[in-house]
Amino acid sequence: MTTMALEAAAPVLIGHGTSQVLTIGFCMFLVGALFLSLMADPERDLVSAYYRGERPLGTLRNAFALSSECIPAGTIIGTTGTIAVSGYDGLFVTLSLLLSLGVLLLVAKTMRDHGRFTVGDLLTRRAESPAVRIAGAVVTLSICVLLLMFEIAGVGVSTALLFGLSGPGAQQVLSLMIGSLIICASALGGMRSANALHIFKAVVLAAASLLTVALVLHDFHWSADAVISAARRSSSFPDRFLGQGMSAVPGASATTAGLDFIGLQLTIVLGVAFMPHIVMRINTTADGPSAQRVVRHAITITAAFCLLAAIMGLGAAAIAGSRTIATTDPGGTSALLRLASHLAGGASTGGGAWFFVLVACAVFAAVLAASASFTLSAAASVAHDLRSRRKRTRPDEGTGVVAARWAGVGVGSLSMVLAVAVQGWNIQFLTTLAMAIAASTVLPALIYSTFWTGYTRGGLLWTLYGGLACAVVLQLSSPAFSGTAFALFPRWHVNWYPLQTVTLISIPAGFLLGWAGSLVSRASDR
Amino acid sequence: MPNPLTRRQRSGRASSTARFILLNGCLFLGGLTLSALNPPWLRSQIFGEITVSLALPLVQGTLLVWTAVRYDNSGSEKAD
C-alpha cells in the first residue's frame, strides 16, 4: 500500500466517533483471528500434517481457501483502487487475475500428481538432485520474502491509519508488533492454521463485499447504468475512463504504455498460478482429479469476487470521486476505505462506523491469511528442501516440524526487518516482481519437465537461476526502481530498461535458458 | 501394443485441453491486443452505458467459468 497515499486519506476516513468504535472492533477482531489461528495448531507433530493439514479439506472449503490465496490484501485494495482510478485498465487486471486460475486449472493435475509439499518437490520430478532443491528454495524464498515485506509494511500503514496515527515511527512500531504476532501464529499453526485463516477471511471478505455492493447499488437506485455513468463523469478524463491507457505512466509513449499494459496482464495471468503458496495449496488436495475440481470451484468463487470488486471499484469512483482519489493517491490504494467511509455516513458518524470496521477487518483478515501462506511456503522450502538436503538423511517427524517452525520465524523476522526498513517507500512493484519471478522460473521449468524429454538437470538450473536473475536485474533497471517521480529511488538513474514490467523479456529468457542449458549439459556429458 | 481405448481417452483429453486453451486464450489475447492497439474501439457503446470495455471482461469471465466446468467434467467422465 502506498504509505503517503493512505496518510493523505486518513483525515477523510477517520473521525473521532469512528475511531473509538474502530479501535474496539479492530482489537476484538485481531485477538479473535490470532486465537483462531493458534487453536488450529496441528494435534500431531507430523511433517505432512504441518505442511498439508491433518487431512484434505472438502472440495468447497479448499476452493474457498484457494480463491482466498489468489486474492491477497494487496490485490483486494489494489484492484478496486485501480478500477476506481483507471477504469478499464483496472477491470482488465481483475480479468487477468481470474484467467490465472484458468492457467492453474490446466496444470493443477500435473502439479498434484508430481508434487508433495514445495516447489522443490515439484521440480525434482525430472532430476532429483540437491542443487535443484536448493534452486527451488532460492526461487521460493525470493518470492515469499518480497510478498511478506509488502504485506507487513502494508499492515503497519493501514493499522496506523485506522488508529488515527501518522508518521513512519508509528507505522514501524505497528508493523513490528502485528508482524510478530502474525509470524508467530503462522509458524506455530502450519497449514491447518492457514486453512482456518483463509476460510475465515473468505467469509469476512464476502460479507463486507456483498454489503458494500448492496449499499453502492442502493445509492444509485439499483441502476448499474447510473453507477457507470457517475464513475465515468467523476474521472479527470471521462472520455478515456472506459478505454485502455488511464494507468499509463505520465509522459510514457503510446508504444511503451501499450507494452506495459500487455506485460502486466501476462505477468498476472502466468505468474499467480506458479507462486509457491499456490503450489502448496494444490498439494493439500487428495489427488490430481481433486486438485482440478478444487480449481474449477475456485474459478467460480473468484469470478464472483471479481464482479463484486468491479462494482466496488466503479462505486468508489462514483461516490468518493475518481478525480479526488487520484489527486491524493495515484494508485488508488485508499479507494476501498474511502468508499467504506462514505457509505458509513462520513468521517464522524457513529452509526455507520461498524460497517467501516467490517471493511477494515476484511482487509486485515486478508493480510493475516496471506502472510500465513507466504510464511509457511518459505518455511517449507527452508526446512524441507534446504535442511533435509544438507543433512542427507530424512529427518524424523518431530524435528522436521520444529525446524519448519523456526524457519518460519526466521524468514518472517527477516521480512519484517526489511519491511520496517522500507516503511514509507513506494514498494508497490514488489508484488509484480514476485509474480514475474514465478512466471519466469517455475512456469518454464514445469512446462519443459512435462513436455520435453530432452530437458536436463543443467537446463533446469539455468531456467531457475537465469529466469530469476533476468527478472530481478530488469526490474532493478526499470522506471519502477529509479529515475522517475514514483520510483523507489527517484534520484537514482539506472533505469535503462524502459518498461515497468519485465515478463515480456524474462519469460522468453527463462525458456531460452532452459533450452540452452539442456543442450550445453548434454554436450558436456558426451 | 497400446490400448486403443487409452489412446482415445488421451486424444479426448487433449482435445478438451486444446479447446479450453483456444477459446480462452484467443479471446484474452485478442482483447489484450485490441486494447493496446486500438483504445477508442473499447469505448464503443453497446447499450445504455455498457461499452465494449465493460462487456469484454464480463464475456471472458463467463466463458472461463463455463469452459472450466466443461473441462473438469470431461476429465471426470474419462476417468470413469
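## Chain B

Along its sequence, chain B runs α-α-β-β-α, giving 3 helices and 2 strands. Helices (H or I, at least four residues) and strands (E, at least two) are DSSP runs, numbered from the N terminus. This is a predicted model, in which local features need pLDDT of at least 70 and side-chain atom pairs count only at pLDDT 80 or more, while totals for chains, interfaces and linings use all residues. Residues are numbered from 1 along each chain as its sequence is written, and chains are lettered from A and ligands numbered from 1 in the order in which they are written.

Chain B has 80 residues, of which 26% are buried (20 or more other C-beta atoms within 10 Å of the residue's own, with C-beta atoms placed from the backbone).

## Where the chains meet

The contact between the chains involves 29 residues of chain A and 28 of chain B; two residues are in contact if their C-beta atoms, placed from the backbone, lie within 7 Å. On the chain A side, helix 6 (88–114), helix 10 (224–234), helix 11 (254–271) and helix 13 (288–328) each supply at least two residues. Helix 6 of chain A gives the most, with 10 residues.

## A helix pair in chain A

Helix 17 (residues 429–451) and helix 18 (residues 457–476) of chain A pack with their axes 9 Å apart, at an angle of about 160°. Axes are lines fitted to C-alpha atoms over the stretch in contact, and angles run from 0 to 180 degrees between N-to-C directions. Helix 17 and helix 18 of chain A are therefore roughly antiparallel (an angle over 145 degrees).

How values were computed. A residue is buried if 20 or more other C-beta atoms lie within 10 Å of its own, exposed if 12 or fewer, and partly exposed in between; C-beta atoms are placed from the backbone. Angles under 35 degrees count as roughly parallel, over 145 as roughly antiparallel, 65 to 115 as roughly perpendicular and the rest as oblique.
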